[in-house]
Amino acid sequence: LDVQRLVSGKARIITKDSQQYVDLNRDKGILVVKERIDREELCGKTTPCSFSFEIILENPIQLYRVTVEVVDINDNSPSFQKGEINLKIVESVAAGTRFSLVSADDPDVGINDIQKYVLTPLDHFKLEVQNQPDGGTFIEIVLQNPLDREKWETHTLVLIASDGGEPRRSGTVRIHITVLDANDNAPVCSQSVYKAEVRENSPEGTLVTTVSADDADKGLYGEVTFSIPHVGKEAKQLFDVHDKTGEIKVVGKVDFEKSKTYQLNVQASDHGGYSDTCKVIIQVIDENDNAPTIQLMSFSHLISEDAPPGTTIAVVNVDDEDSERNGLVRCSINSDVPFKIESSLTGYYTIVTENTLDRETIPEYNITITVSDQGSPPLSSSKNINVKVSDVNDNPPQFGQSEYIMSIPENNPSGFSVFA
């Protein structure tokens, strides 16, 4: 864009969000960083990370979209939820038995995210890391050599998570293992993977699904309790499992717009140190709970009556936070005005003149902008604007008739009214 055009058009930045990261220096025609941009705060784990805004100019009205990609730097170290993990493992557990651990978290992405885990020492256990469909990591330690409580009642391991940034950053957690006396059978989950659906905005107490497990032991060792020991902060606030029945219920406000799926790793444990883990994948179903919004970006409340058809009088932005059909928006105006609405950029509409205007016939118009989504039932919003038509000198003076013929008597005194 030409700098002179930026100045004459009074170019300015418009954003849908309250926070504006970039300023426009229109005298030089450059965009400058207004405040420090934190990629993790802006996008979380989403990559590539970007934000958009629009530049609007007046006289005539023009609209441009600017998209800025925020590139990650390695400014966060991997961290575990706790500094120590305590495990109780029975001495008779078979080689190959797996024990799940909480994974570390690193807000950075790409090469700056966690790249590897290292377990030390490796006398009795080895480490296995699996990538989950939702982008998370499932970590297990696998017993390689039998445990003997009479020789070693406790073991201490160190788990190190490292990222691939420059410089490399890491975080550690200490694993304290207490060896218990024998318990012959471990609980076995009825299913390794449970799949369930829940509608967003479901009330607290809504049953999502029920997990179950069997333990062949009798008495205390045969009693199975359920827990979700390793779960993200967001999922922990939304779902909980009953320790006896295995019922997973909603305990918070489920919002499809925040996350479409959750994965819980439910652990079934007996009282002798054995456990089994099953995965519960919860799909959130979208509800039409957000009405579309209208934001007036630019508006000329006065338009000349000689404005040609196609003259822009307003630019509006419409948005709906819902997804799929619930987020598809239609925008229209009332049909009794000489204007029409056209789509420009995605989410933006311009209102332009459709016919010629005549101030002497209609001096002003009231325009109602209506947006509605395609949900069931549909939600809608409306906004009213008033446009006044300014006068131009398009009408010559006119006499009542083209020729006047009058008769007057002679000898009238000066000042006698002849004719008007």
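This is a tour of a predicted model, stop by stop, with what to select and what is found there.

**Stop 1: the annotated domains**

Begin with the ranges in the record. An unreviewed UniProt entry carries the annotation "domain: Cadherin" for residues 24-80, 81-189, 190-294 and 303-399. Colour each of these ranges in its own colour.

Now select residues 190-294. This span is 4% helix and 43% strand, and its end C-alpha atoms lie 51 Å apart. Next select residues 303-399. Here the chain is 0% helix and 48% strand, with 30 Å between the end C-alpha atoms.

**Stop 2: the largest pocket**

Select D105, D134, G135, G136 and T137. Among the 46 residues that line the largest pocket, these are the closest to its centre. The pocket holds about 1300 Å³ of space.

Which elements give two or more residues to the lining? They are β7 (98-101), β8 (114-120), β9 (125-131), β10 (137-143), α3 (233-236) and β20 (261-269). By residue type, the lining of the largest pocket divides into 15 nonpolar, 21 polar and 10 charged residues.

**Stop 3: inside strand β20**

Stay on β20 and select A268, which is in this strand. Is A268 buried or exposed? A268 has a relative accessible area of 0% and therefore counts as buried, the cut-off being under 20%.

Show what surrounds A268. Apart from neighbours within four places in sequence, A268 is in contact with P187, C189, A213, V224, T225, F226, Y274, S275 and D276. Then draw a distance from A268 to C278: the two are 10 residues apart in sequence, and their C-alpha atoms are 8.0 Å apart in space.

**Stop 4**

In soluble globular proteins, nonpolar side chains tend to be buried together. To look at such a group here, select F239, I248, L264 and V266. These are the residues with the most contacts inside the largest nonpolar core, which has 27 residues. At least two residues of this core come from each of β14, β18 (239-241), β19 (247-250), β20 and β21 (275-285).

Centre the view on V266. Beyond its neighbours within four places in sequence, V266 is in contact with V211, F226, S227, I228, I248, D276, T277, C278 and V280.

For a second, separate core, select I89, F99, I114 and L119; they are included in its 26 residues.

**Stop 5**

Most residues other than glycine have a negative phi, and most peptide bonds are trans. This stop and the next one show exceptions.

Select T120 and P121. The peptide bond that joins them is cis, with omega about -10 degrees. P121 is in the loop between β8 and β9.

Move to E166 and P167. The bond from E166 to P167 is also cis, and its omega is near 5 degrees. Look for P167 in the loop between β11 (154-163) and β12 (170-180).

**Stop 6: two residues with positive phi**

Select N201, in the loop between β14 (193-199) and β15 (207-210). N201 is not a glycine, yet its phi is positive, about 65 degrees. With 31% relative accessibility, N201 counts as partly exposed.

Select E324 next, in the loop between β24 (312-319) and β25 (329-333). E324 is not a glycine either, and its phi is positive at about 50 degrees. How exposed is E324? Its relative accessibility is 71%, so E324 counts as exposed, which requires over 50%.

**Stop 7**

Select L296 in strand β22 (residues 293-299). L296 is partly exposed, with a relative accessible area of 27%. Leaving out neighbours within four places in sequence, the contacts of L296 are A314, V315, V316, K383 and I385. Now draw a distance from L296 to A94: they are 202 residues apart in sequence, with 68 Å between their C-alpha atoms.

Finish with V33, in strand β3 (residues 30-33). V33 is exposed, with a relative accessible area of 59%.

Technical notes:
Residues numbered from 1 in each chain as written. Predicted model: local features only at pLDDT ≥ 70, side-chain atom pairs only at ≥ 80, totals over all residues. Heavy atoms only, no water. 1 Å grid on protein atoms, 1.4 Å probe; cavity = no way out; pocket = protein on both sides within 12 Å on 5 of 7 lines; lining within 4 Å. Points joined across faces, edges and corners; volume = space filled by probe spheres on them. Nonpolar A, V, L, I, M, F, W, Y, C, P; charged D, E, K, R; others polar. UniProt positions renumbered as here; feature names shortened; annotations may be inferred. Buried < 20%, exposed > 50% of the residue type's maximum accessible area, 1.4 Å probe, protein only. Contact = heavy atoms within 4.5 Å. Core = buried A, V, L, I, M, F, W, Y, C linked by side-chain atoms within 4.5 Å.
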